[in-house]
Amino acid sequence: MSNRLIETLAGAAVIAVAVVFAGYSYSRAGLDTVEGYELKASFNRIDGLVVGNDVRISGVKVGSVTAQDLDPNTYMAVVKMSVRSDLTLPLDSSAKIASDGLLGGKFVALEPGGDIDMIEEGGEIEYTQGSVNLEDLIGQVIYSSTSSKE
């Protein structure tokens, strides 16, 4: 075989492996959207949350973020999400913006409440906690450690 044919076959093999790897990564990434009913929640900050991020209960994906907007009256970030239709959430449920780790992506963590009445489709989750700004947190730790040494 000539060098050109060997190089061509090696290149084709590399491309095939890359395509298989990309397909596997996509299938394992959980990027599928969840069909269900829509809820909304207002947060003071949603740093790093984007449309398509997960909505989870107890770490299990139960929905997806479908939209985000700013309420011009309250200046709160309004997040719309789709939640599986087989799940109903009590009225006193809460939502918070959580992180997958120090450098991980953001997601909406839902914590079901104990109320006997349920949130209707298109309803709003009243109890929310926005995302924590890591830079501010690190700055506070550094400031507090330098202040205590004085």
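Is tyrosine 75 buried or exposed? Tyrosine 75 is exposed, at a relative accessible area of 60%. Exposed means over 50% relative accessible area, buried under 20%, and partly exposed in between (1.4 Å probe, protein chains only).

This is a predicted model, in which local features need pLDDT of at least 70, side-chain atom pairs count only at pLDDT 80 or more, and totals for chains, interfaces and linings use all residues. Residues are numbered from 1 along each chain as its sequence is written, and side-chain values use heavy atoms, with hydrogens and water left out.

**Loops**

Tyrosine 75 sits in the loop between β3 and β4 (77-84). Its phi is positive, about 60 degrees, although the residue is not a glycine. Serine 58 also has a positive phi, near 55 degrees. Serine 58 belongs to the loop between β2 (54-57) and β3 (60-70). Serine 58 is exposed, with a relative accessible area of 74%.

**Sheet**

Strands here are DSSP runs of E, at least two residues long, numbered from the N terminus. An open sheet of 8 strands runs in the order β7-β1-β4-β3-β2-β6-β5-β8, with mixed pairing. β7 (124-125) and β8 (127-129) stand at the edges with a single partner strand each, so one side of each has no neighbour in the sheet. Two strands pair if DSSP finds at least two bridges between them. Strand β5 (residues 94-99) and β8 run parallel, joined by 3 bridges. Lysine 96 is opposite glutamine 129 in β8.

**Salt bridges**

A salt bridge puts a side-chain nitrogen of Lys or Arg within 4 Å of a carboxyl oxygen of Asp or Glu. The count is 5. Asp54, Arg56, Lys61 and Asp100 form a linked network.

| Pair | Closest N to O |
|---|---|
| Aspartate 54 – lysine 61 | 3.4 Å |
| Arginine 56 – aspartate 100 | 3.0 Å |

Arginine 56 lies in strand β2 and aspartate 100 in the loop between β5 and β6, so their pair ties together parts 44 residues apart in sequence. Aspartate 54 is buried at 17% relative accessibility, and arginine 56 is buried at 16%. Lysine 61 is partly exposed at 21%, as is aspartate 100 at 47%.

Arginine 56 also lies over the face of phenylalanine 107, 4.1 Å from the ring centre. A charge sits over a ring if NZ of Lys or CZ of Arg is within 6 Å of the ring centre and within 35 degrees of the ring normal.

Definitions and conventions: Helices (H or I, at least four residues) and strands (E, at least two) are DSSP runs, numbered from the N terminus.
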